[in-house]
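Hi,

Here is the structure I promised to pass on.

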Amino acid sequence: MWYQQIQNVFQALVRQFVTFTDQSDYFGLYRTLATISAIHYDAFCWIDRTIWIMYRFLPILVNLSYFYKAYRLILLPEDNTSAAVVIASIWGFTEGTLRIGIIEMCYGTLSKIMTFLNERSYRRQDAIVHQQRAALFVQNNRIQFILVATMLVEAVWFMTTQLFSRDAFMLQINGHVVDSTAIQILYGLVCNVWGLIYVLSFAIFYIIMNILQLEMMILLEGITNVQSTVMDRTRHQIETLEASGHSSQMQQLVFWNILQPELNKHTARHVDLLDNLKEFSSIVGPFSFVQYYGTFALIADCGFILSIEGLSTNGMIYLIFVTVLIFQSFIICRGIEKINDLNESIGLALYAGFNWPELLKYDQRFRSRHAAARHTLMLVIGRSQKGFQCSYGGLGGISMERFAQLMQKSYSLLTLLLQFAK
């Protein structure tokens, strides 16, 4: 009886995250995972908020304990590996704290963007568009499940191979390791929450970029089909008018009555997307700044540990972490570039993809409609060519070129650390 009820609840939860409907929330799974990993929670009352603050304070205590270990290492220096482990942990935990801070401070804006992306009225009746959105919904949730599963595997790996084999990972008081297995296990579990924080704090930006890319592609497809859509609808109505004996002027009026609303629909969607991209850039900029320089230092530090540990059981965990760091930086740089490319393609599709000189022949009788259509076209083309401006907190644009620079700088710092170790 109880087993069947639990199974039914589990199946209902799974269906919620793998079955796409018009009411599906792109960010439903993320909100649940963000609460579990102490990133964000919408408290309902002061008791709820108090419990949440206490829960979030646990990872912060872990971060403080590593600062204490660093202080002890200054007083009583140990081997290079222990020092590198402590420094990498402090850097990673502190970067995670800054990520949470940025998300919390900008959560109102993020919430507005998420609400906009969940409002899927544009081309809602198009079956292909529905399939594309459904596929992305499942893909995003699948990636989040994979990320969590990967972090759980890494947590088990850490608990079984690292936690009790090196003092730098264990809870210490007055420079002595606490002699309690249960406390050390609890300490290790809370440490692993930071792994979830590090990964899932990035996931929200990854999901938003994925959806924005898809919506740009859907808009591009819609604009590409404007000419055929307008001409097909015009031809159909003109055939009806000719049968009833209407004049050619009435037929031209039909064309203008169909063209302008069709252009306005796509133009309004383009404006909404660019406005939300502007809001998104105000958040992803400082977040990327923290990630860029945090990744720069962590890659070098983990690479330094790997050069000492080698590809052993202990060293593999650092290799996995470095891979995650590089992958995150690549995704965010490539994602921003792809959004810019799609935005430029929208203007190019309007400029070169249609026979506008033939379609928009000037007619004194419809000069106001002619001017309105030209204004709409120039507006979309102009905004698409301007590009989506997004920078690392004002220190250069986010691009694949910056990703290449990150790799180069990380390698240079790693070389310097290896020389220092010798």
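**Where H5 meets H7**

In this predicted model, Leu110, Ile113, Met114 and Leu117 of H5 are in contact with Ile204, Ile208, Ile211 and Leu212 of H7. Sorted by class, that contact is made of eight nonpolar residues, with no polar and no charged ones. As you know, two packed helices are described by the angle between their axes and the distance between the axes. Here the axes of H5 (residues 107-118) and H7 come within 11 Å and cross at roughly 35°. The crossing of H5 and H7 is left-handed.

**The core**

The largest nonpolar core has 105 residues, and helix H7 (residues 181-224) supplies the largest share of them, 25 residues. Which residues have the most contacts inside this core? They are Phe27, Tyr30 and Ile208, and Ile208 is also one of the H7 residues that meet H5.

Tyr30 is worth a click. Setting aside neighbours within four places in sequence, Tyr30 touches Ile39, Ile103, Gln144, Leu200, Ser201, Ala203, Ile204 and Ile207. Ile204, from that list, is among the H7 residues in contact with H5 too.

Ala38 has a positive phi, near 65°, and sits in the loop between helix H2 (28-36) and helix H3 (46-75). Arg123 is not a glycine either, yet its phi is positive at about 55°; you will find Arg123 in the loop between H5 and helix H6 (127-161).

Are these two buried or exposed? Ala38 counts as buried because its relative accessibility is 2%, and the cut-off for buried is under 20%. Arg123 also counts as buried, at 19% relative accessibility, so it passes that under 20% cut-off as well.

**Cysteines**

How many disulfides are there in the whole structure? A search finds zero.

Over to you!

Technical notes:
Residues are numbered from 1 along each chain as its sequence is written. This is a predicted model: local features need pLDDT of at least 70, side-chain atom pairs count only at pLDDT 80 or more; totals for chains, interfaces and linings use all residues. Side-chain values use heavy atoms; hydrogens and water are left out. A disulfide is a pair of cysteine sulfur atoms within 2.5 Å. A nonpolar core is a set of buried Ala, Val, Leu, Ile, Met, Phe, Trp, Tyr and Cys residues joined through side-chain atoms within 4.5 Å. Buried means under 20% relative accessible area, exposed over 50%, partly exposed in between (1.4 Å probe, protein chains only). Helices (H or I, at least four residues) and strands (E, at least two) are DSSP runs, numbered from the N terminus. Contact means heavy atoms within 4.5 Å. Axes are lines fitted to C-alpha atoms, for helices over the stretch in contact, and angles run from 0 to 180 degrees between N-to-C directions. A crossing is left-handed if the near helix is turned anticlockwise from the far one by less than a right angle, and right-handed if clockwise. Ala, Val, Leu, Ile, Met, Phe, Trp, Tyr, Cys and Pro count as nonpolar, Asp, Glu, Lys and Arg as charged, and the others, Gly among them, as polar.
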